[in-house]
Amino acid sequence: MAFKKIVVGYDGSVYANNALKKAIEVAKCSEAEIYVVGVIKPLDFGLVDYITPTELEEYEKEEISKEEKYLKEAIKIVEESGLKASYKILEGDPSEEIMTYADEVGADLIVVGNRGLGGFKRLLLGSTSSELVKYAKQNVLVVKS
C-alpha cells in the first residue's frame, strides 16, 4: 500500500522526532506529502477563573510560538529530505484534533511517537497514540523509541 498523505503528530520531543524520521522513511517510498501537526491543549476551565484575560492571551501566544518553532524545525527536516511538507497548529484534545485534521486533508496514515512531552501544557503523544489506534479511520503507525 502506497501512502500519499501522512499526518505526523509533533511536539518537539525525542519521541516525536523519531516518529517524524519514520514518516519521512515511509513517505520516500511513495513520494507522499507530510502534514506535521502540533496540538495545544487549552487551559483547564477551572483555572481560567484565577487568571486574567491578559494572562490567558499571553499563555496562548506563548504556546503558539513554541508550537510554531517546533513545527518549523520539523518542516525543515522534511524538506531537507526532498519531500513536501506543511504544518498546522491545532487546539483541543490531541487525539480528536489529529483525527479531525487527518480526515480534513484526506490522509491515509497518521504517525506518532509512543510518548510526548507530557505535563500540564502539552499532551500530544502517549495516551494520544492509543486513542488514535482505537478510533482513527486511517492507518496509525506508533513509533517506539
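## Helix packing and nonpolar cores in a predicted model

Helix 1 and helix 3 run roughly parallel to each other, because their axes cross at roughly 30° and an angle under 35 degrees counts as roughly parallel. The structure described here is a predicted model. The axes of these two helices come within 10 Å, and the crossing of helix 1 and helix 3 is right-handed. On the side of helix 1, the contact is made by Asn17, Leu20 and Ile24; helix 3 contributes Ala74, Ile77 and Val78. Sorted by class, the residues of this contact comprise five nonpolar, one polar and no charged residues.

### Overall architecture

The protein chain has 145 residues, of which 40% count as buried. It contains five helices and five strands, and these follow one another along the sequence in the pattern β-α-β-α-α-β-α-β-α-β. Among contacts in the protein chain with a separation of 6 or more, 77% are between residues 24 or more positions apart.

### The second helix pair

Two packed helices are described by the angle between their axes and the distance between the axes. A further pair in this model consists of helix 4, residues 94–105, and helix 5, residues 127–135. Their axes come within 9 Å and cross at roughly 45°, which means that helix 4 is oblique to helix 5. The crossing of helix 4 and helix 5 is right-handed. Helix 4 takes part in the contact through Pro94, Ser95, Ile98 and Met99, and helix 5 through Thr128, Glu131, Leu132 and Tyr135. These residues divide into five nonpolar, two polar and one charged.

### Nonpolar cores

In soluble globular proteins, nonpolar side chains tend to be buried together. The largest nonpolar core of this model has 23 residues. Those that touch the most other members are Ile6, Val8, Tyr10, Leu20, Ile34, Val36 and Val111. Two or more residues of this core come from each of strand 1 (5–9), helix 1, strand 2 (33–40), helix 3 (53–80) and strand 4 (109–113). Helix 1 gives the most, with seven residues. Leu20, named among the core residues that touch the most other members, also belongs to the contact of helix 1 with helix 3.

Apart from its neighbours within four places in sequence, Ile6 is in contact with Ala23, Val26, Ala27, Ala32, Glu33, Ile34, Tyr35, Leu109 and Val111. A second, separate core has 15 residues, including Val7, Val39, Val105 and Leu132. Leu132 also takes part in the contact between helix 4 and helix 5.

### The end of helix 1 and the residue after it

Ser30 lies in helix 1, which spans residues 14–30. Its relative accessibility is 11%, so Ser30 counts as buried. With neighbours within four places in sequence left aside, Ser30 is in contact with Ala2, Phe3 and Lys4.

Glu31 is located in the loop between helix 1 and strand 2. The phi angle of Glu31 is near 55°, a positive value in a residue other than glycine. Glu31 has a relative accessible area of 69% and is therefore exposed, the cut-off for this class being over 50%.

### Two further loop positions

Gly106 is in the loop between helix 4 and strand 4, and its relative accessibility of 48% makes it partly exposed. Pro42 is in the loop between strand 2 and helix 2 (45–48); with a relative accessible area of 40%, Pro42 is likewise partly exposed. Not counting residues up to four places away in sequence, Pro42 touches Glu91 and Gly92.

| Residue pair | Separation in sequence | C-alpha to C-alpha distance |
|---|---|---|
| Gly106 and Ile6 | 100 residues | 9.0 Å |
| Pro42 and Leu56 | 14 residues | 9.9 Å |

Key. Residues are numbered from 1 along each chain as its sequence is written. This is a predicted model: local features need pLDDT of at least 70, side-chain atom pairs count only at pLDDT 80 or more; totals for chains, interfaces and linings use all residues. Side-chain values use heavy atoms; hydrogens and water are left out. Helices (H or I, at least four residues) and strands (E, at least two) are DSSP runs, numbered from the N terminus. Buried means under 20% relative accessible area, exposed over 50%, partly exposed in between (1.4 Å probe, protein chains only). Contact means heavy atoms within 4.5 Å. A nonpolar core is a set of buried Ala, Val, Leu, Ile, Met, Phe, Trp, Tyr and Cys residues joined through side-chain atoms within 4.5 Å. Axes are lines fitted to C-alpha atoms, for helices over the stretch in contact, and angles run from 0 to 180 degrees between N-to-C directions. Angles under 35 degrees count as roughly parallel, over 145 as roughly antiparallel, 65 to 115 as roughly perpendicular and the rest as oblique. A crossing is left-handed if the near helix is turned anticlockwise from the far one by less than a right angle, and right-handed if clockwise. Ala, Val, Leu, Ile, Met, Phe, Trp, Tyr, Cys and Pro count as nonpolar, Asp, Glu, Lys and Arg as charged, and the others, Gly among them, as polar.
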